[in-house]
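Hello,

Here is the structure for your files. Please read the notes below it alongside the model.

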Amino acid sequence: MTQDELAEKVGITPQTVSTAELGKKALRPENIIRICSALEVSTDYLLLGKVNGHDHSVLSAKISDLFPAQYRHLEDIVNSFLAALGEKNTQGR
C-alpha cells in the first residue's frame, strides 16, 4: 500500500503519512487508531512491534482463505525464510 493509498483510506493527507513515517511529526491518537484499522494491525504492533493475539487471528484468517496451491506457496516461502534466518543465526556466532 502506498502512502497516498493509506492516506486516502484513513482520511488524512499523504504529507501527514510521510512526516509520521520519517519521524518528523507525531500522529494524533485518533489517526494512529485509524491507520491500525486500515492496516489491520494492533496499536501494539504499529507502535512497539509487539505481536498480540489479535494480530495472530488476523493473519490466521487470511491464511485460512487461501486456496490449497496458494497455501503450499506460502508454506514454501515461510520455510525458506526460516531457513535463511537459521543460517544468519549460525553465521553470527
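Axes here are lines fitted to C-alpha atoms, for helices over the stretch in contact, and angles run from 0 to 180 degrees between N-to-C directions. Helices are DSSP runs (H or I, at least four residues), numbered from the N terminus. The model is predicted, so local features need pLDDT of at least 70 and side-chain atom pairs count only at pLDDT 80 or more, while totals for chains, interfaces and linings use all residues. Residues are numbered from 1 along each chain as its sequence is written, and side-chain values use heavy atoms, with hydrogens and water left out.

Helix pair: α1 and α3 pack with their axes 9 Å apart, at an angle of about 110°. That makes α1 roughly perpendicular to α3 (65 to 115 degrees). From α1, Leu6, Lys9 and Val10 meet Asn31, Arg34, Ile35, Ala38 and Leu39 of α3 (contact means heavy atoms within 4.5 Å).

Core: the largest nonpolar core has seven residues, namely Leu6, Ala7, Val10, Ile12, Val17, Ile35 and Ala38. Such a core is a set of buried Ala, Val, Leu, Ile, Met, Phe, Trp, Tyr and Cys residues joined through side-chain atoms within 4.5 Å. α1 gives the most to this core, with three residues.

Asparagine 31: this residue lies in helix α3, residues 29-39. Asparagine 31 is buried, at 7% relative accessible area (buried means under 20%, with a 1.4 Å probe and protein chains only). Leaving aside neighbours within four places in sequence, asparagine 31 is in contact with Val10 and Ile12.

Regards

Terms used
Helix = DSSP H or I, 4+ residues; strand = E, 2+ residues; numbered from the N terminus. Buried < 20%, exposed > 50% of the residue type's maximum accessible area, 1.4 Å probe, protein only. Parallel < 35°, antiparallel > 145°, perpendicular 65-115°, else oblique.
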